[in-house]
Amino acid sequence: MKKRVLFIGWMVFVFSQNLWASEKKLLSIDEVMQLAEINSPRLSASRFHELAAEKSVDIARANYYPTLNVEAIDSTGFPGSSVGTGVTGLMGSPFRSGYGAGLVAEQTIYDFGRTYYDVEASKNEADLSKQETRVTVYEVKQLALETFYDCAFFKTQSDTWGSLSHESGIITDEAQKFVNTGQRSIVDRYLSKAQTEEAQTAQAFYAARLKESIHVLSVIMGVSDESFSCPALPNRLTSALNPNENMESSPLITRAIVGTKVAESRLKEQQAAFYPKIVAVASVGSIASARLVSKQDYSAGIGLVFPLLDLHTNGEVHRAEALAYASEKELEAQRQYLGIMNGKYDEVIRSSQVRLQHLNYEFDLANKAFNTAKKRYFSLEGDLIDLREAFRNLARVEADMEETRTKLLQASGSKALLNGSGQQPGMCLSGY
């Protein structure tokens, strides 16, 4: 008997655990945006671009350090005619003959800003890559936010029409009783059934849209659509998003500002190419024999290169100037775009807030009208037409309130994200 009780208890425990595990998690907007950021392939690619841009800084800094090569050559025939091989230093001397091998070191002693501005521009480009990632984070979260609130709207509408369908079913049953006793016309039966069918149709429609929106949200977040569900539409925006954030904090503005720094650095780098360059070369090695001069096993020299006419560099400078002017205009364009978008979001936010105030009053009236019409119909004091009109008016007001709240939440959240709010790094969530 004791074993049987333990077995039954174990079975109940296993069943309850499986039932709990099969329940779908209701995700919040914060969790949705974090999962979208964590599992986004676009963001992964963007962060690899960041790594590549950081390596460009090391490449630019390499010009501060010497290069050291091992070079070897063997030649025959006309002396000094093997310069095309690219071998330099002692081994590249026209006085050498036969074989030669050794080390060649080259060092730029001073290039009047070429390397400095190259490093500066590379740092700015690395920063620009980070700002591109911020913009990508904004775009990923923006899509997740809009889809989440659409999903929550469909969930709320499905629940609302489910409740209305149940209420309409009660009215239909009551109308059927009145028709059976001859107290109401048979028309009431058909009208009440049609009203119930209309509510069931709306409920099925929003349930189907809810299912598809959950699937879209699962693709955005990179998780199974069997593991979560959308909650009902929340009453307020998450505290992680601040719609009153200054637009100067926007990743679009920051990216444009860094873009101007990149263009200015590249312009200075190109202009520095008009200045001279001091280069030192040293080599040590062994050669088979020497002609015309005594044989030596080393060579060293310092050279000064002063450009007098370089049309290629001249063209590069003009192009860099044009890009610098373009980056300044791009910054102005981004500020103009943000001003327009903030104005549009504010229009939706303020008008939605005003509309909700009136709809709340409308809802109270519609609810009272429906309850009164229902009571009068059930007591044979009123007509079904009045009850149907009150029912439809209540359904309309509820739908308008939910749609307006959805637009308010989407506009407030989108404005906050556009202006740089909620850009903290996403944390890893357990269970996914």
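**Pocket and core**

Guide: In this predicted model, helices α7 (311–378) and α8 (384–418) each contribute at least two residues to the lining of the largest pocket.

Visitor: What is the volume of the largest pocket, and which residues are the closest to its centre?

Guide: The volume of the largest pocket is about 240 Å³. Its lining comprises 16 residues, which divide into seven nonpolar, four polar and five charged. The closest to the centre are P243, I349, Q353, L408 and S412.

Visitor: Which element gives the largest share of the largest nonpolar core?

Guide: The largest nonpolar core has 64 residues, and Y149 and M221 have the most contacts inside it. Two or more residues of this core come from each of α2 (29–38), α4 (114–180), α5, α6 (251–272), α7 and α8. The largest share, 17 residues, is given by α4.

Visitor: Is S192 buried or exposed?

Guide: S192 lies in helix α5 (residues 186–221), and its side chain reaches the backbone oxygen of R189 at 2.9 Å. Not counting residues up to four places away in sequence, S192 touches S168, T172, A175 and L384. Buried means under 20% relative accessible area; the value for S192 is 2%, so S192 is buried.

How values were computed: Residues numbered from 1 in each chain as written. Predicted model: local features only at pLDDT ≥ 70, side-chain atom pairs only at ≥ 80, totals over all residues. Heavy atoms only, no water. Helix = DSSP H or I, 4+ residues; strand = E, 2+ residues; numbered from the N terminus. Buried < 20%, exposed > 50% of the residue type's maximum accessible area, 1.4 Å probe, protein only. Polar contact = N/O pair within 3.5 Å; in protein donor to acceptor, adjacent residues only side chain to side chain. Contact = heavy atoms within 4.5 Å. 1 Å grid on protein atoms, 1.4 Å probe; cavity = no way out; pocket = protein on both sides within 12 Å on 5 of 7 lines; lining within 4 Å. Points joined across faces, edges and corners; volume = space filled by probe spheres on them. Nonpolar A, V, L, I, M, F, W, Y, C, P; charged D, E, K, R; others polar. Core = buried A, V, L, I, M, F, W, Y, C linked by side-chain atoms within 4.5 Å.
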